[in-house]
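Colleague: I would like a close look at one part of this model. Please keep it brisk.

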Amino acid sequence: MTVESKYQRIAFVASPVLEAQRALAQLSSDYGNREVDDADVVVALGGDGLMLRTLHERMRSGTPIYGMHRGTVGFLMNEYSRHGLIERLNAARMTVINPLLMRATDAAGEVHVHHAINEVALFRQIYQAARLRILIDEQVRMPELISDGILVATPAGSTAYNYSAQGPIIPITANLLALTPINAFRPRRWRGALLPSSAHITIEVLEDERRPLAAVADHNEVRYVTRVEVLTDKSISIRMLFDPGHSLEERILSEQFGV
């Protein structure tokens, strides 16, 4: 029996690992494989790394992305099955997220603009700790932070590096960002802050010549930064599809209870 679907044209993308490439061949044979620019939905086969790359590549297209786990880490992926894909796509629940926009100014005065779905992070480049000044909505909130760095995480990224740095897990529907220090030395007891998603975060690098830092927006790195601005880009809405009962909301909630 033919199943009517709102996703008639499916494009498959896959990571280069053998498991993902086998799945790509099987699913392309079963369902066809359209060009991504001509697809109603993109199905990503791999792990979270492939999913993030696919989301970055398609973030302005409005095309929903449905991931199936054929890689290593699969927090953003649905379980893999060759069968019943049309039915699963029809039943899938949509989660809409907004990425972060990073504007990083380097020592030469050049401004680099990148988006991040998980987090924007600043790291020290040498043995000396970083000295940072933090402004929220142009108001100085912390005149000096001495640490290995700092990161700004979205709810979608709050269970990733942010959580490993002892930052809070944020429900996906919360309009919040996590500002989390990396190995804070002074003030020693500062654990970070939860900020509204509308916040304009500015991080100034003090003594940037003696204590150089790199800024990273997901996989895009800018070295020798002097100033980094981070804000939520509400002009971009990224659509992700998840099986019922396995939504990103449910996974983030489960992480908080260790299940």
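Which residues in α1 are buried?

Modeller: First, the ground rules. This is a predicted model: local features need pLDDT of at least 70, side-chain atom pairs count only at pLDDT 80 or more, and totals for chains, interfaces and linings use all residues. Residues are numbered from 1 along each chain as its sequence is written, and side-chain values use heavy atoms, with hydrogens and water left out.

Now the helix. Ala20, Ala23, Leu24 and Leu27 are the buried residues of α1. Buried means under 20% relative accessible area, exposed over 50%, and partly exposed in between (1.4 Å probe, protein chains only). Seen down the axis of α1, the buried residues fall within an arc of 105°, so they line one face of the helix. That arc is taken from the directions from the helix axis to the C-beta atoms. On the other side of α1, Leu18, Arg22 and Ser29 are exposed.

What covers the buried face? The cover includes strands β1 (10–14), β2 (41–46) and β3 (65–69). Contact here means heavy atoms within 4.5 Å. Helices (H or I, at least four residues) and strands (E, at least two) are DSSP runs, numbered from the N terminus.

Helix α1 covers residues 18–31, and at 1.5 Å a residue its 14 residues should span 20 Å; the end C-alpha atoms are 20 Å apart, which agrees. The expected span is 1.5 Å times one less than the number of residues. Just after α1, Gly32 takes a positive phi of about 80°.
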